[in-house]
Amino acid sequence: MGLLNWSEQYSVGLLSVDSEHKKLFDMVNEMHEAMRTGQGNAVLEKILGRLVTYTRSHFAAEERLMQTHGYPGLAEHKKAHDALTAQVIELQRKLKGGKTCLSIEVMLFLRNWLTTHILGTDMKYAPFLKSKGAA
Ligand code: FEO
């Protein structure tokens, strides 16, 4: 069992998005495992770096999907993405600067950061995009 376990409640019903979300879950779990097993900062920073990169690419892909299908909530959703990106970059900056260490609080923050967005914000576009034929 990882910190985050995928279940149907997280599915937005679109294969490409679900598969990207699963990968984000895996990355948070990988970080948690590295923290739990006492890996050094260099390893943790590397994993967080990959998480930041993948998050940006996922958000961009999701925004393209919303744009393609004319989703009316795109601007609001993009704002949420920008805020989440800023949060994770700030975390990365603090870790690099030695201002914080990877603690269970930080991991819980990342878990909530991801699940709250999927359950609260991503779920809002699901019925709209599905009605437009997105899969
Ligand atoms: Fe799946 Fe809006 O991020």
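Trainee: Where is the place of Ser-7?
Mentor: Keep in mind that we're looking at a predicted model. Helix H1 covers residues 15-36. Ser-7 sits in the segment before H1.

Trainee: Is Ser-7 buried, partly exposed or exposed?
Mentor: Buried would need under 20% relative accessible area, and exposed over 50%. Ser-7 comes out at 28%, so the label is partly exposed.

Trainee: How far apart in space are Ser-7 and Lys-22?
Mentor: Along the sequence they are 15 residues apart. Going C-alpha to C-alpha, the separation in space is 9.7 Å.

Trainee: What about Ala-42 and Glu-8, how far apart are their C-alpha atoms?
Mentor: Ala-42 lies in helix H2. Along the chain, Ala-42 and Glu-8 are 34 residues apart. Their C-alpha atoms are separated by 34 Å.

Trainee: Is Ala-42 buried or exposed?
Mentor: The cut-off for exposed is over 50% relative accessible area. Ala-42 has 62%, so it counts as exposed.

Trainee: What length does H1 reach from its first C-alpha to its last?
Mentor: H1 has 22 residues, and at 1.5 Å a residue the expected figure is 32 Å. The model is close to that, with a reach of 31 Å.

Trainee: And how far apart are the end C-alpha atoms of H2?
Mentor: H2 has 28 residues, which at 1.5 Å a residue should span 40 Å. The model agrees with that, because the end C-alpha atoms are 40 Å apart.

Trainee: Which residue just after H1 takes a positive phi?
Mentor: Look just past the end of H1 for a phi of about 70°. H2 is also followed by a residue with positive phi, Gly-70, near 65°. The one just after H1 is Gly-38.

Trainee: Are H1 and H2 roughly parallel or antiparallel?
Mentor: Their axes are 10 Å apart and the packing angle is about 165°. Angles over 145 degrees count as roughly antiparallel. H1 and H2 are therefore roughly antiparallel.

Trainee: How many residues of the contact of H1 with H2 are nonpolar?
Mentor: H1 passes H2 in a left-handed crossing. Residues making the contact include Leu-24, Met-27 and Met-31 of H1, along with Ile-47, Leu-48 and Leu-51 of H2. Set aside 3 polar and 5 charged residues in this H1 with H2 contact, and the nonpolar count is 14.

Trainee: Now H2 and H4: are they roughly parallel or antiparallel?
Mentor: Helix H4 spans residues 104-131, and its axis comes within 12 Å of the H2 axis, crossing at roughly 15°. Angles under 35 degrees count as roughly parallel. H2 and H4 are therefore roughly parallel.

Trainee: How many residues of the contact of H2 with H4 are charged?
Mentor: H2 passes H4 in a left-handed crossing. Among the residues that meet are Phe-59 and Met-66 in H2, and Trp-113 and Leu-129 in H4. The H2 with H4 contact has 8 nonpolar and 3 polar residues, and the charged ones number 2.

Trainee: Last one: how many residues of the contact of H3 with H4 are polar?
Mentor: Helix H3, residues 74-96, packs against H4 at about 170°, with the axes 11 Å apart. The contact includes His-77, Leu-84 and Gln-87 of H3, and Phe-109, Trp-113 and Thr-121 of H4. For H3 with H4, 9 residues are nonpolar and 3 charged, and the polar count is 5.

How values were computed: Residues numbered from 1 in each chain as written. Predicted model: local features only at pLDDT ≥ 70, side-chain atom pairs only at ≥ 80, totals over all residues. Heavy atoms only, no water. Axes fitted to C-alpha atoms, helices over the stretch in contact; angles between N-to-C directions. Helix = DSSP H or I, 4+ residues; strand = E, 2+ residues; numbered from the N terminus. Parallel < 35°, antiparallel > 145°, perpendicular 65-115°, else oblique. Left-handed = near helix turned anticlockwise from the far one by under 90°. Contact = heavy atoms within 4.5 Å. Nonpolar A, V, L, I, M, F, W, Y, C, P; charged D, E, K, R; others polar. Buried < 20%, exposed > 50% of the residue type's maximum accessible area, 1.4 Å probe, protein only. Expected span 1.5 Å × (residues − 1).
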